[in-house]
Amino acid sequence: MDKTLAAFYDKSEEADSIFLAINKRYNAIKEKVINIGNKPTIMAGSDFRGTWYVPAGKSYMGLLFEDAGGDYIFKYDNETGSLPLSFETALNSFSDAAIWLNCNFNSIEDLIETDKKNGLFRAVKENKVYNFNKRLLPSTANDFWESAIAQPDLLLGDVVSVLHPHILPDWKFVYINQLSHVKK
């Protein structure tokens with residue numbers, strides 16, 4: 001429940017309760033990785049019409065990667081939106097990243113077929129590529145864009161489960177899918 005809308009319906013107490021529960025769950029997950037030693041390197045985003053857009057260091061995704069115990073190359077960037085990169089800069093920055101998150105493809109083959117250079121990334125070679133497309137609606141609308149911002153605890157749990165599967169061994173992905181290989 002949106003806390004602003006709740007005020008119009010005299011539901012502020014209920015909204016506060018929901019917000020505090022989500023906050024508590026988020027911080028409990030974050031606490032599990034706060035002192036973790038092994039922080040896998042993360043790459044994010046993908047090429048869109050010749051520009052590779054990645055989360056800036058202080059964007060909600062950049063901060064999520066940090067909270068999940070990941071090592072994101074742009075973590076020291078102070079911007080809050082997206083950073084536009086050339087493919088060459090993305091390859092230079094992320095060629096050895098262990099995990100690729102928020103890759104908007106459904107299979108490794110689609111990813112490489114779109115641009116063969118995508119096969120140069122370590123995460124692709126090691127099949128460690130993930131999208132946020134688990135909750136696609138029949139209309140192909142993606143629920144990630146609708147509900148993840150209101151349920152950051154679930155999104156954090158997904159990312160922690162990718163980066164550190166031993167931390168939340170029974171976690172069932174809510175938003176994340178691992179890209180698969182299409183059987184031919």
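**Exercise 1. Work out whether Ser147 is buried or exposed.**

Step 1: Ser147 has a relative accessibility of 11%. Step 2: the cut-offs are under 20% relative accessible area for buried, over 50% for exposed and partly exposed in between (1.4 Å probe, protein chains only). Step 3: Ser147 therefore counts as buried.

Before we go on, a word on the model: it is predicted, so local features need pLDDT of at least 70 and side-chain atom pairs count only at pLDDT 80 or more, while totals for chains, interfaces and linings use all residues. Residues are numbered from 1 along each chain as its sequence is written, and side-chain values use heavy atoms, with hydrogens and water left out.

**Exercise 2. Classify Asn35 and locate it.**

Step 1: find Asn35 in the loop between helix H2 (12-33) and strand E1 (41-44). Step 2: its relative accessibility is 73%, so Asn35 counts as exposed. Step 3: now pick Val159, 124 residues away along the chain; the C-alpha atoms of Asn35 and Val159 are separated by 16 Å.

**Exercise 3. Explore the largest nonpolar core.**

Step 1: know what you're looking for, namely a set of buried Ala, Val, Leu, Ile, Met, Phe, Trp, Tyr and Cys residues joined through side-chain atoms within 4.5 Å. Step 2: the largest such core has 50 residues, and Trp52, Phe94, Trp100, Leu101 and Val129 have the most contacts inside it. Step 3: helix H8 (residues 152-163) gives the most to this core, with 6 residues. Step 4: zoom in on Leu101, whose contacts beyond four places in sequence include Ile42, Phe65, Tyr130 and Val159.

**Exercise 4. Which residues of helix H3 are buried?**

Step 1: go to residues 60-67, which make up helix H3. Step 3: just after H3, spot Gly69, with a positive phi of about 80 degrees.

**Exercise 5. Step back to the whole protein.**

Step 1: count up the secondary structure, and you get 8 helices and 8 strands. Step 2: of the 184 residues, 41% count as buried. Step 3: along its principal axes, the C-alpha trace spans about 55 × 40 × 35 Å.

Terms used
Helices (H or I, at least four residues) and strands (E, at least two) are DSSP runs, numbered from the N terminus. Contact means heavy atoms within 4.5 Å.
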